[in-house]
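Reader: I'm new to this one. Could you take me through the nonpolar core, slowly, and then show me what surrounds it?

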Amino acid sequence: MLDALTVATSVAALALAAWCGFAAYRDQPTKDWHFIGMAVVSLLALVQLVVGIVQLARGEKPEQGTVIFVGYLLGAFACVPAVGFMSLAERTRWGSVTVAAGGVVLAVLEVRLYDIWGG
Amino acid sequence: MAVSEENGTATDGRKPRTRLISGPGMLLVWLYGVMVVGAVSRSIVQIATEFDHAPLAYSLSAIAGVVYGFITYSLVRGGERARRAALVCCAAELAGVLIVGTWTLVEPSAFPDATVWSDYGMGYLFIPVLLPVTAMFWLRRARGTAAAEI
């Protein structure tokens, strides 16, 4: 369950990065549809956070430590909303670049989460 | 982002601060923010749980986190003094990455565990070495706009 979510979230994050990267390439700021995309990715990360905590509550142990695992889960959840707000403050192509960078960072966090859980 | 809006329109007697987070600056703030969270949380966890394992490496990570934090704050705050301070810190950061990176390659035995700056930041996609260079270019360019505004 958690591994499937990790894969899904990282694919969605990379898709978001490509999409916003394309917007930046066309010299456009983030638009409503981009924010809907960010909401979808954030929702995936939120579900992952909840599922991860439920797994911990059921007594499963991440391979590399519970504190690090929860830290990465929180970081993954905060990642896309943070760039979303930054792109609201920066209504140029650079806002789109920032969201694209956020998507890449989230994908990296997901790879690390996979390792930490011991998949 | 209330702070930055205030900077953009500060007209109450003070000189308006140069905005350092417009355009590419926003991307820099994001990447620096990520490095702050990464380096600070990493060093806190490692210092709290296994400091004796690699005290030098963990202390260096903590220092890196503090430097990143200061640069992020300077970028968000804006203004000429913050710009200069950030420029100095970026130079220090670059020197740190290069020195620590070389150190980890020359004498790996001093580092039983990795720091943020090990192998020139390879574990962080080389962002630690690319970021200060980019930031210094950006901050040098921002000087031109600052002079134009004043």
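Author: Let's start with the term itself: a nonpolar core is a set of buried Ala, Val, Leu, Ile, Met, Phe, Trp, Tyr and Cys residues joined through C-beta atoms within 7 Å. Keep in mind that this is a predicted model.

The largest such core has 70 residues, and the ones touching the most other members are A:Ala76, B:Trp30, B:Leu31 and B:Tyr32.

Pick B:Tyr32 and look at who is around it. Leaving out residues up to four places away in sequence, B:Tyr32 touches B:Tyr68, B:Ile71, B:Thr72, B:Leu75 and B:Leu131.

Residues 25-44 of chain B are 100% helix, with end C-alpha atoms 28 Å apart. For residues 121-139 of chain B, the helix share is 68% and the ends lie 22 Å apart.

Now over to α3 of chain A. Its 24 residues should span 34 Å at 1.5 Å a residue, and the 35 Å between its end C-alpha atoms agrees with that. Even so, α3(A) has a kink of about 30° at A:Cys79, shortly before the proline A:Pro81.

Finally, the place where the chains meet: 16 residues of chain A and 13 residues of chain B make the contact. On the chain A side, α3 (66-89) and α4 (93-117) each give two or more residues. That side divides into 9 nonpolar, 6 polar and 1 charged.

Notes:
Residues numbered from 1 in each chain as written. Chains lettered and ligands numbered in written order. Predicted model: local features only at pLDDT ≥ 70, side-chain atom pairs only at ≥ 80, totals over all residues. Contact = placed C-beta atoms within 7 Å. Helix = DSSP H or I, 4+ residues; strand = E, 2+ residues; numbered from the N terminus. Nonpolar A, V, L, I, M, F, W, Y, C, P; charged D, E, K, R; others polar. Buried ≥ 20, exposed ≤ 12 C-beta atoms within 10 Å, placed from the backbone. Expected span 1.5 Å × (residues − 1). Bend = angle between axes of the 7 residues up to and from the residue.
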